[in-house]
Amino acid sequence: MIYPIVAYGDPILRKPTRFIEKDEVDLKKLSEDMFETMHGANGVGLAAPQIGLNIRIFVVDGTPFAERDEDDDDEPDLSLVDFKKTFINPEILEETGEEWGFEEGCLSIPGIRGDVYRPETLRIRYRDLDWNEHEETYSGMAARIIQHEYDHLLGKLFVDYLPTLKKQFIKKKLTDISKGNVDADYRMRFPGRR
C-alpha cells in the first residue's frame, strides 16, 4: 500500500515519536508499505511521521547512491549496495568525526534542497523486523541517511539546520508547500486536508 507523504506544515512532523511495543503493529507489513511508498516517491529514506504515524520506525535504501550515473562525475558509494534496512525503536548512541556537508532534500518538502553538515560516523541501537536488537556503526552517506530519518523521529527537519539567510529565502516556498501549492510526482497529504 502506498501512503500519501505528509507535507511540511503538518504538526505530526514536529512531534517527537513514541517507542513501539513488540506486537503493537504488523511491522513486516508496515515496513513493506513504507518501502513501497518511499520507492514510489524516489526517496532513499522514509520515517513514520511522513506517513502520518507517530511511532519510532524508519526505512532506508541507499542503493541509488551505489549506482553509477552516466552524467555524474562522482564515483558510486559501493558501501551502499545492500544498504536497505528497517530501523525500529532506534536510538543514536554516539556521533563522531568531522562534520561534512551534503545537499539534502526531503519527500515532505518537495523542491527544496540545502547543505546540511552532519558528523561522519554514528553508532545506533535498534530492533529489526524479528524484534532482534542490534548495535551498529555507520559512516559516510549511510550515516547521513540514518541521521536525516532519525531527525524525523525527534520532530526535526533538514531545513532546521540551514543558515538564517537561506531559511528566509525559502520561507515563501515552505508556506506554499503547507498550503498544497506544490508539484510533486507522488501523492501528498497537506495540513488541514484528509
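Because the model is predicted, local features need pLDDT of at least 70 and side-chain atom pairs count only at pLDDT 80 or more, whereas totals for chains, interfaces and linings use all residues. Residues are numbered from 1 along each chain as its sequence is written, and side-chain values use heavy atoms, with hydrogens and water left out.

Let me begin with the annotated site. The unreviewed UniProt entry carries a "binding site" annotation on C106, H148 and H152. Although these residues are spread over 47 residues of sequence, they cluster in space, with a largest C-alpha distance of 10.3 Å. C106, H148 and H152 also belong to the lining of the largest pocket. Here a pocket is found on a 1 Å grid over the protein atoms alone, as an open set of points with protein on both sides within 12 Å along at least five of seven lines, and lining residues have an atom within 4 Å of a point. UniProt positions are given in the numbering used here, and annotations may be inferred rather than shown by experiment.

Helices (H or I, at least four residues) and strands (E, at least two) are DSSP runs, numbered from the N terminus. Is H148 buried or exposed? H148 counts as buried because its relative accessibility is 10%, buried meaning under 20% relative accessible area with a 1.4 Å probe and protein chains only. H152 is buried too, at 1%.

Contact means heavy atoms within 4.5 Å. Leaving aside neighbours within four places in sequence, H148 is in contact with E104, G105, C106, R118 and F158. The side chains of H148 and E104 are joined by a polar contact of 2.7 Å. Such a contact is a pair of N or O atoms within 3.5 Å, where, within protein, one must be able to donate a hydrogen and the other to accept it, and residues adjacent in sequence count only if both atoms are side-chain atoms. With residues up to four places away not counted, H152 touches A47, P49, Q50, C106 and L157.

I turn now to the interior. In soluble globular proteins, nonpolar side chains tend to be buried together. A nonpolar core is a set of buried Ala, Val, Leu, Ile, Met, Phe, Trp, Tyr and Cys residues joined through side-chain atoms within 4.5 Å. Which residues have the most contacts inside the largest nonpolar core? They are L46, I57, I109, F158 and V159, in a core of 37 residues. Helix α1 (27-40) gives the most to this core, with 5 residues. The buried residues of α1, among them L27, L30 and S31, pack against β1, β2, β3 and β4.

A polar contact of 2.7 Å joins the side chains of T86 and S31, and T86 is buried at 8% relative accessibility.

Finally, the backbone. Most residues other than glycine have a negative phi. N89, in strand β4, has a positive phi of about 50° and is buried at 9%. W131, in the loop between β5 and β6, has a phi near 70° and is buried at 18%.

Technical notes. 1 Å grid on protein atoms, 1.4 Å probe; cavity = no way out; pocket = protein on both sides within 12 Å on 5 of 7 lines; lining within 4 Å. Buried < 20%, exposed > 50% of the residue type's maximum accessible area, 1.4 Å probe, protein only.
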